[in-house]
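Please examine the sequence and the three-dimensional structure shown below before reading the report.

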Amino acid sequence: MRIDILTLFPDMIKPALSHSMMWRATHYGFVNIHVHDFRAFSESKHKSVDDSPYGGGAGMVLRVEPVVNALRSIENHEHALKILMTPQGITYNQTRAETLSKNEHIIILCGHYEGYDERIRDYFDVEISIGDYVLTGGEIAALAVVDSIVRLIPGVLSNDASAQEDSFSNALLEYPQYTRPRVYEGKSVPDILLSGHHEEIAKWRFEEAVRRTKIRRPDLYQQYQENKKK
Ligand code: ADE
């Protein structure tokens with residue numbers, strides 16, 4: 001898989017790619033991630049990337065030409081899925097991460113400033129928001145999307161099963177987990193987990209996942225009930 005990230009702040013992105021699972025994924029060639037500073041593609045004398053809005057108003061607007069030039073500089077950009085990060089996009093979730101992880105090539109644009117020149121939208125296939133709040137730019141949002149995709153690529157997580165058991169992957173939150181010590185400040189690990197009865201443990205975990213989802217995320221619980229009927 002190849003991911004290209006278009007940003008004005010490559011140094012916000014690059015360090016995040018050099019640790020933990022993102023490092024593993026790139027180092028072992030599961031994914032090729034290229035970070036481009038699209039300021040370099042501005043045709044203006046001072047390499048400007050923004051301008052004041054037509055019709056007046058506060059703030060600056062991201063200009064179309066540096067973005068499109070940067071996009072076109074990417075090899076095989078015609079065949080890539082082009083994503084624009086914006087709070088106006090569709091809300092991101094695990095199902096969307098799973099769909100995106102099946103793409104061969106993704107290009108992500110991180111915006112800054114008050115907004116995009118509306119014409120930029122014509123060059124992108126999908127607009128994604130990571131939630132109903134506004135960040136100062138799309139970099140952190142893009143990293144959240146990239147991280148969630150990369151960990152789903154087979155082989156990236158050392159234990160493939162763990163991606164399938166994640167919270168959300170079957171519309172349920174994850175069951176409670178424990179590790180040593182057996183008792184901490186009077187709080188004990190549930191006996192069932194020490195019983196060695198694998199079937200009973202699996203049953204307990206499943207029931208806990210359902211119970212937890214029902215209490216914490218009634219919306220997900222409802223989705224789970226509907227999925228069960230299918
Ligand atoms: N840029 C600014 N806020 C954002 C958000 N919530 N999601 C995606 N991109 C953004």
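## Model and domains

The structure is a predicted model. The domain assignment of the protein chain gives two parts: domain 1 covers residues 2-150, and domain 2 covers residues 165-229. Taken over C-alpha atoms, the centres of domain 1 and domain 2 are separated by 36 Å.

Strand β6 comprises residues 105-110. It is mostly covered, since six of its six residues are buried.

Two strands pair with β6. Strand β1 (residues 2-7) pairs with β6 in the parallel sense over five bridges, and leucine 6 stands opposite leucine 109 of β6. The pairing of β5 with β6 is also parallel and has five bridges. Here methionine 85 has cysteine 110, in β6, as its bridge partner.

The strands β5 and β6 also belong to a β-α-β unit. Together with helix α4 (residues 94-100), they make this unit, and it is right-handed.

## The largest pocket

Rolling a probe the size of a water molecule over the atoms shows where empty space is left. The largest pocket has a volume of about 370 Å³. Its lining consists of 22 residues. Those nearest the centre of the pocket are Met85, Thr86, Pro87, Tyr116 and Leu135.

Which elements give two or more residues to the lining of the largest pocket? They are β5 (81-91), β7 (115-116) and β8 (126-129). Of the elements, β5 gives the most, with four residues. By class, the lining has 10 nonpolar, 10 polar and two charged residues.

## Lysine 45 in a loop

Lysine 45 lies in the loop between β2 (32-37) and β3 (50-51). Is lysine 45 buried or exposed? Its relative accessible area is 77%. Lysine 45 is therefore exposed, as this value is over the cut-off of 50%.

Lysine 45 and glutamine 88 are 43 residues apart along the chain. A distance of 31 Å separates the C-alpha atoms of lysine 45 and glutamine 88.

How values were computed:
Residues are numbered from 1 along each chain as its sequence is written. This is a predicted model: local features need pLDDT of at least 70, side-chain atom pairs count only at pLDDT 80 or more; totals for chains, interfaces and linings use all residues. Side-chain values use heavy atoms; hydrogens and water are left out. On a 1 Å grid over the protein atoms alone, a cavity is a set of points where a 1.4 Å probe fits but cannot get out, and a pocket is an open set with protein on both sides within 12 Å along at least five of seven lines; lining residues have an atom within 4 Å of a point. Grid points are joined across faces, edges and corners, and a volume is the space filled by probe spheres set on the points. Ala, Val, Leu, Ile, Met, Phe, Trp, Tyr, Cys and Pro count as nonpolar, Asp, Glu, Lys and Arg as charged, and the others, Gly among them, as polar. Buried means under 20% relative accessible area, exposed over 50%, partly exposed in between (1.4 Å probe, protein chains only). Two strands pair if DSSP finds at least two bridges between them. A crossover is right-handed if, with the strands pointing away from the viewer, the path from the first strand over the helix to the second runs clockwise. Domain bounds come from an automatic or database domain assignment.
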